[in-house]
Amino acid sequence: MDFIAILNIFLFSLVLLAVIYIDTRKDADTSASTFLFRGLLILSMVAMLSYLAVNSIDYMAPGLANFVSWRMYQVYIVMGVLLSYLLLLYIIASLYEETFHSSKKLLSALFSIPLGLIIAAVLLAPFTGWIFYIDDLNNYHRGDYYAFQYFVAIFYTLISIGVLLYAALRDASYARKKYCIYLLLAIAFPLLGNMVQLLDPDLLLCWPLTTLALLVIYLNMQKWKIANDFLTGLRNKGQFEKYLYDKFQESDPKAKWGLIMIDINDFKIINDTLGHAEGDKVLCYVSDILKKLCDEKGVFLSRYGGDEFAVIFDSGEKFDYPKFLKGLDHAFSSGEGKQTLKYPISLGVGCAYFDPDTIESPQQLIDLADQRMYANKKAQKEGNHG
């Protein structure tokens, strides 16, 4: 395939990835997953550019052409495997951000062993020809162990699939399962491309399909940002209202479900005296506790606004209001997260159950839960002053 034909195949992918990269650079998100995603974009563009450079040697002097062929093929092969490795780290970081930060050195060391072997084999290619070699006419040839690069890339991809399947099956959250399905769909594309290119190197499907995968991941990231609160990672008010409305429309009148409204006591004082950065820390602290208590099927947790949170739940053995209150009491009384906050935090909590005979609209249920929450806050203040 000549240079112009390859350029036509890669040009759209390069432009699209460049646009996505520029857009992510404008984003204020500093999470590990966003950083790794940018790395995926860069690696893909470098790999395609290196392959284009290899196929432009007809326009170079013979000595330079040989040098470019060796070096660019080395870059191209390493970038391909490194992409699969980085994709695995991205998936782990996006699903388990906190765990990733605490164990990234161990994960990187563990998973980088096959990558290190590939890099070594590629660097030694001019002397061994194991992975590939370039003949005197600057033609590329596969070495006896050329398949090793594909096996390592597929190995990383299969681990990624395993991580996603584990998260989808283990996590009770429907939104989380949906997120895993999107990622599974995304990584299926480069897996298919690698397998096809292993069988026929002239079918340049790997990078267009990789571009498609990165586009799916990018769109999924944008969808997540639209639906979630940036600070806490919880569902936002718009998603809460949609879920509650759907719950009203679809719910069996005999089903027992309810709404819990939660408000942080004296949050304004924290913001005014200690600053908004400390207030953000409190919001994240409370949301982390709520995530642990609401990690059950049929429970929808969201940040309602400001220092207020909302929980919609199906009442049953796995989750009910008294059990939830005990969990809150234990979390705050045991000093959970004490290393993060140096002062006590308390919450006002109110719950209202859906009753088709008395509750006629979602807003009525919200108002009732709100009234009970403020009554709880008032009772706490009166108890403290008494």
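Lys 291 counts as partly exposed in this predicted model, because its relative accessibility is 35%. What does its side chain meet? The side chain of Lys 291 meets that of Asp 288 in a salt bridge, at 3.8 Å from N to O. Asp 288 is also in the middle category: at 28% relative accessibility, this residue counts as partly exposed. Both residues belong to helix α11, which covers residues 276-293, and they sit three residues apart, or about one turn of the helix.

**Salt bridges along the helices**

How many salt bridges does a search of the whole structure find? The count is seven.

Helix α9 (residues 237-250) holds both Asp 246 and Lys 242, four residues apart, which is about one turn of the helix. These two form a salt bridge, and their closest N and O atoms are 3.2 Å apart. Asp 246 has a relative accessible area of 25%, so it is partly exposed. Lys 242 is partly exposed too, because its relative accessibility is 49%.

Now for helix α10 (residues 267-274). Lys 268 and Asp 272 are four residues apart in this helix, so about one helical turn separates them. Their side chains meet in a salt bridge at 2.7 Å, N to O. Are these two residues buried or exposed? Both Lys 268 and Asp 272 are exposed.

| Pair | N to O distance |
|---|---|
| Asp 246 and Lys 242 | 3.2 Å |
| Lys 268 and Asp 272 | 2.7 Å |
| Lys 291 and Asp 288 | 3.8 Å |

**A covered strand**

Next up is strand β3, which spans residues 257-264. Eight of its eight residues are buried. If you look at the strand one face at a time, you find Trp 257, Leu 259, Met 261 and Asp 263 on one side, all buried.

Which strands does β3 join? One is β5 (residues 308-314), which runs antiparallel to β3 and is joined to it by seven bridges. Within that pairing, Gly 258 has Phe 313 of β5 as its bridge partner. Another is β6 (residues 347-353), again antiparallel and again joined to β3 by seven bridges. In β6, the residue opposite Met 261 is Gly 350.

**Some loop residues**

Follow the chain from β3 towards α10 and you pass through a loop that contains Asp 266. Its phi is near 60°, a positive value in a residue other than glycine. At 43% relative accessibility, Asp 266 counts as partly exposed.

Asn 138 gives you another positive phi, near 65°, again in a residue other than glycine. This residue is in the loop between β1 and β2 (140-142). Is Asn 138 buried or exposed? Asn 138 counts as buried, because its relative accessibility is 15%.

One further loop to check lies between α2 (32-54) and α3 (62-95), and Ser 56 is found there. Ser 56 counts as buried, at 14% relative accessibility. A polar atom of the Ser 56 side chain lies 2.7 Å from the backbone oxygen of Ala 53.

**The nonpolar core and a surface patch**

The largest nonpolar core has 65 residues. Those with the most contacts inside it are Phe 10, Phe 37, Tyr 90, Ile 91, Phe 132 and Ile 217. Several elements each supply at least two residues of this core, including α1 (3-26), α4 (97-123), β1 (132-134) and α8 (206-227). Which element gives the largest share? That's α3, with 18 residues.

Nonpolar side chains also turn up on the outside. Ile 113, Leu 117, Leu 124, Phe 127, Trp 130, Tyr 145 and Phe 148 form a nonpolar patch on the surface, and together they have about 790 Å² of accessible area. One of them, Phe 127, lies in helix α5 (residues 125-128). Phe 127 has a relative accessible area of 71%, so it is exposed.

Methods
Residues numbered from 1 in each chain as written. Predicted model: local features only at pLDDT ≥ 70, side-chain atom pairs only at ≥ 80, totals over all residues. Heavy atoms only, no water. Buried < 20%, exposed > 50% of the residue type's maximum accessible area, 1.4 Å probe, protein only. Pairing = 2+ DSSP bridges. Polar contact = N/O pair within 3.5 Å; in protein donor to acceptor, adjacent residues only side chain to side chain. Patch = residues over 30% accessible without salt bridge, like charges linked within 9 Å, V, L, I, M, F, W, Y side chains within 5 Å. Areas by Shrake-Rupley, 256 points an atom, 1.4 Å probe, with all protein chains shown as cover. Salt bridge = Lys/Arg side-chain N within 4 Å of Asp/Glu carboxyl O. Core = buried A, V, L, I, M, F, W, Y, C linked by side-chain atoms within 4.5 Å.
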